[in-house]
Amino acid sequence: MIINSSVTSSVPAVKQNKREISSDTGQKDRVTISGEKETSNMSPLELFAVNCVKDRTSQDMELSSREYKILLKPENFEDMEKGISKFWKTVKKLAKEEGFDVDSTYSDEAGDPRFVTYLDTPDFALNKLGYTLRRRQKHEFKSGEDRGKKYEITLKYRNSDINMSSGKDVSPAEFLDGSVKFEDDIVAGGSAIKNVYSKSGTVELKEETGNSLEDYMDIFPGLKETELSPESQLGKVNNKKIEEYKAELGEIDFGGVTGKASLSVWYNQGKDKNPVIGEFSFSYDINDSENKDKINNFVKAIQRELSSSIADGITKTELIYGKKGEK
């Protein structure tokens, strides 16, 4: 897929600012995104021409996927396998009532855990700007024992404005074998459904990095656009270390698109781990056959049937930051 939004124009004092990023889609598609910066002293006609360029830029942006998320109260997963099975059984019933076929692959096991933490400054400067920086790995967080083991770093930007999200550079440095995706995140609470546009860059590393923002600017050069001090120190958000279990549940055929369903459960890392939150989600690649109204009706059916199990309509990340959502 090639997206090139640059427009030839005779308008003076317009600087073309291009960057290339690779998306993770089998073979690496090249995506070119062009932005414009106008200088002062433009005439009204010049500013109008620049805005036309901006309008075309935003229209050319395309989402690659859509993901629905429903947060679930932690008390549902004191017995994890039992909680997952019970929830999935009801979801399958509701899907069939809506006329959707379900191919269930869940075998009462959530698989091996992954360990998750979020990094930010003490005053959450990154998150205040719409960014999150997540570290995820297959081994526990233990001082001095991480070096030399693989871990995954993801920089994500979220905004309810599709143009704001699409314009952010979250791509890993060119010398790293990373990937970028742009998706529509739809979060369902007790009754409301809201969406936010999410652009994320992910890279797998082995060597440990430092603790300053400058160290992560080397991994994600777009962080320089935040204008935060490179010397800012990063630490674990609210000192939270999460043990995550993810159950792949199967596929739901929505008639035109097929959603891959999963359920993740977060526990506090430690000997006496307690459930923190659960999240049921399904995602699919967007195409012209998508019937979003029918899919939303299915989500609303889940909200009605399982209202007592659903937590506030926020994301897992917002929960780590201590934010509260609205039902």
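**Figure 1. Contacts across the chain in the predicted model**. Take contacts between residues at least 6 apart in sequence: 65% of them join residues at least 24 apart. The secondary structure comes to 7 helices and 13 strands. The chain has 327 residues, and 47% of them count as buried.

**Figure 2. Ser 198 and the residues it touches**. Ser 198 belongs to strand 9, which covers residues 193-205. Its relative accessibility is 1%, so Ser 198 counts as buried. Residues up to four places away in sequence are left aside here.

**Figure 3. The aromatic pair of Phe 87 and Phe 280**. The whole structure holds 13 aromatic pairs. In one of them, the ring centres of Phe 87 and Phe 280 are 5.3 Å apart. Their planes meet at 55°, so this pair is tilted. Phe 87 lies in helix 2 (residues 80-97), while Phe 280 lies in strand 13 (residues 275-285). The pair therefore ties together parts that are 193 residues apart in sequence. Phe 87 has 5% relative accessibility and counts as buried. Phe 280 is buried too, with a relative accessible area of 1%.

**Figure 4. The aromatic pair of Phe 282 and Phe 298**. This pair is tilted, with 50° between the planes. Centre to centre, the rings of Phe 282 and Phe 298 are 5.9 Å apart. Phe 282 lies in strand 13, and Phe 298 in helix 6 (residues 292-305). The pair therefore ties together parts 16 residues apart in sequence. Both Phe 282 and Phe 298 are buried.

**Figure 5. One aromatic cluster**. Phe 87, Phe 280, Phe 282 and Phe 298 are among the members of this cluster. Tyr 68, Phe 100, Phe 254 and Tyr 284 also belong to the cluster.

**Figure 6. Charged ends over tyrosine rings**. The ring of Tyr 151 has the charged end of Arg 135 over it. That charged end is 3.7 Å from the ring centre of Tyr 151. Over the ring of Tyr 157 sits the charged end of Lys 168. Here the distance to the ring centre is 5.2 Å.

How values were computed:
Residues numbered from 1 in each chain as written. Predicted model: local features only at pLDDT ≥ 70, side-chain atom pairs only at ≥ 80, totals over all residues. Heavy atoms only, no water. Helix = DSSP H or I, 4+ residues; strand = E, 2+ residues; numbered from the N terminus. Buried < 20%, exposed > 50% of the residue type's maximum accessible area, 1.4 Å probe, protein only. Contact = heavy atoms within 4.5 Å. Phe/Tyr/Trp six-rings, centres within 6.5 Å; stacked < 30°, edge-to-face > 60°. Lys NZ or Arg CZ within 6 Å of the ring centre and 35° of its normal.
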